[in-house]
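Please read the following report alongside the coordinates of the model. The text is about the arrangement of secondary structure and a few individual residues.

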Amino acid sequence: MVEELVAAGAALGSAAVVYALAAAKVVKQYERGVVFRLGKLRPEVRGPGFTLIVPGVDKIRKVNMQIVTMPVPGQEGITRDNVTVRVDAVVYFKVTAPAEAIVRVEDYRFAVAQMAQTSLRSIIGKSDLDDLLSNREELNQGLELMIDSPAVEWGVTIDRVEIKDVSLPETMKRSMARQAEADRERRARVINADAELQASKKLAEAAKEMSDQPAALQLRLLQTVVAVAAEKNSTLVLPFPVELLRFLEKAQQAYPAAQSVQPPGQQAVQPTMGQSMQQPTRQPAQQSVREQLQPVEAHVDPDALGSISRQD
């Protein structure tokens, strides 16, 4: 009889241990437990820690309350300015109402993923290419609102949405590269022209100062010679003062004036090698002889010349 009681007690103890193990549940800190009793949702949500349920009657579903990072597959679409692009994005969301996330939607992760893809395609069709490339903050906010509106009913809150990458066709990339290159070249030309304008103004001021002080030009010339000599090259620089050129120019202008004032019996001759600047000329003497002989030749009778030739 005692042995039967001991066996029954042991069986009851074993059953109690098995019941306790089946009824005991542990909910982690980042989780919440939703209990269904005979298929009906219990109003209370089990918090983190140790909790008990009725085995065979209650069923608990643990819901992760952490922020979930879900990549959105690349979606191809045509922008409002008729450019084909491929856009990738990422969605950050978390569950705020565990009971609604389990009851209202079959799989809230899959539902959020499909809603994100649909909203991303819609954003691509409503935006221009420039907006996708430069105004991503506004597009991210619009995409977040489009996903968050139906997700609130599912007990899910969209934390943020980010567009990761925008893939363009190769032809469009080359066109944009040419456009950027042309814009850079235009800006470089404008900057260069502005620099030339400023330099010309400064050079004009420097020239004005040097014209007032002739020694300044000589000092600048010496500075240039020193700068060239510091390079240690084989180039020889011989400075030629501008004042010397001006002196020669004035001398050349004064020389024709001196030629115009000369004695009557002399004529200016251009100096050559082996000749002096001025020499007497014999042209007036030869001219007088010709004038004396010309009347004689004019009064000679041709008939007389003919008779003389016949006598000979």
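Predicted model: local features only at pLDDT ≥ 70, side-chain atom pairs only at ≥ 80, totals over all residues.

Residues are numbered from 1 along each chain as its sequence is written, and side-chain values use heavy atoms, with hydrogens and water left out.

## The chain as a whole

The protein chain holds ten helices and eight strands, where helices (H or I, at least four residues) and strands (E, at least two) are DSSP runs numbered from the N terminus. Of its 312 residues, 18% count as buried; buried means under 20% relative accessible area, exposed over 50%, and partly exposed in between, with a 1.4 Å probe and protein chains only. Among the contacts in the protein chain with a separation of 6 or more, 62% come from residues 24 or more positions apart, a contact being heavy atoms within 4.5 Å.

## Strand β2 and its partners

Strand β2 (residues 31-37) has five of its seven residues buried, so it is largely enclosed by the rest of the structure. Seven bridges join β2 to strand β5 (residues 58-64) in an antiparallel arrangement, two strands being paired if DSSP finds at least two bridges between them. Within that pairing, Val35 stands opposite Ile60 in β5. β2 also pairs with strand β3 (residues 40-46), again in the antiparallel sense, over four bridges, and there Phe36 has Leu41 of β3 as its bridge partner. β2 and β3 form a hairpin with two residues between them.

## The sheet β6-β7-β8

Three strands make an open sheet in the order β6-β7-β8, with antiparallel pairing. β6 (68-78) and β8 (156-167) stand at the edges with a single partner strand each, so one side of each is left without a neighbour in the sheet. From one strand to the next, the twist averages 25°. Strand β7 (residues 84-95) is joined to β8 by ten bridges, and Val87 stands opposite Val166 in β8.

Two helices lie across this sheet. Helix α3 lies across β6, β7 and β8 and runs at about 35° to β6, while α5 lies across β7 and β8 and runs at about 140° to β8; axes are lines fitted to C-alpha atoms, for helices over the stretch in contact, and angles run from 0 to 180 degrees between N-to-C directions.

## Helix contacts

| Helix pair | Axes come within | Crossing angle |
|---|---|---|
| α3 (residues 108-126) and α5 (residues 136-151) | 9 Å | roughly 140° |
| α6 (residues 170-212) and α7 (residues 214-229) | 4 Å | roughly 115° |

In the pair α6 and α7, the contact is made by Met210, Ser211 and Asp212 of α6 with Pro214, Ala216, Leu217 and Arg220 of α7. By class, this contact has four nonpolar, one polar and two charged residues, where Ala, Val, Leu, Ile, Met, Phe, Trp, Tyr, Cys and Pro count as nonpolar, Asp, Glu, Lys and Arg as charged, and the others, Gly among them, as polar.

α3 and α5 are oblique to each other, on a scale in which angles under 35 degrees count as roughly parallel, over 145 as roughly antiparallel, 65 to 115 as roughly perpendicular and the rest as oblique. In this contact, Met115, Ala116, Ser119, Leu120, Ser122 and Ile123 of α3 meet Leu139, Gly142, Leu143, Met146, Ile147 and Pro150 of α5. The residues of the contact divide into nine nonpolar, three polar and no charged.

Ser119, found in helix α3, counts as buried at 3% relative accessibility. Leaving aside residues up to four places away in sequence, Ser119 touches Leu143, Met146 and Ile147.

Most residues other than glycine have a negative phi. Leu38, in the loop between β2 and β3, has a positive phi near 55°, and Leu38 is exposed, with a relative accessible area of 70%. Asn82, in the loop between β6 and β7, likewise has a positive phi, near 60°, and counts as exposed at 66% relative accessibility.
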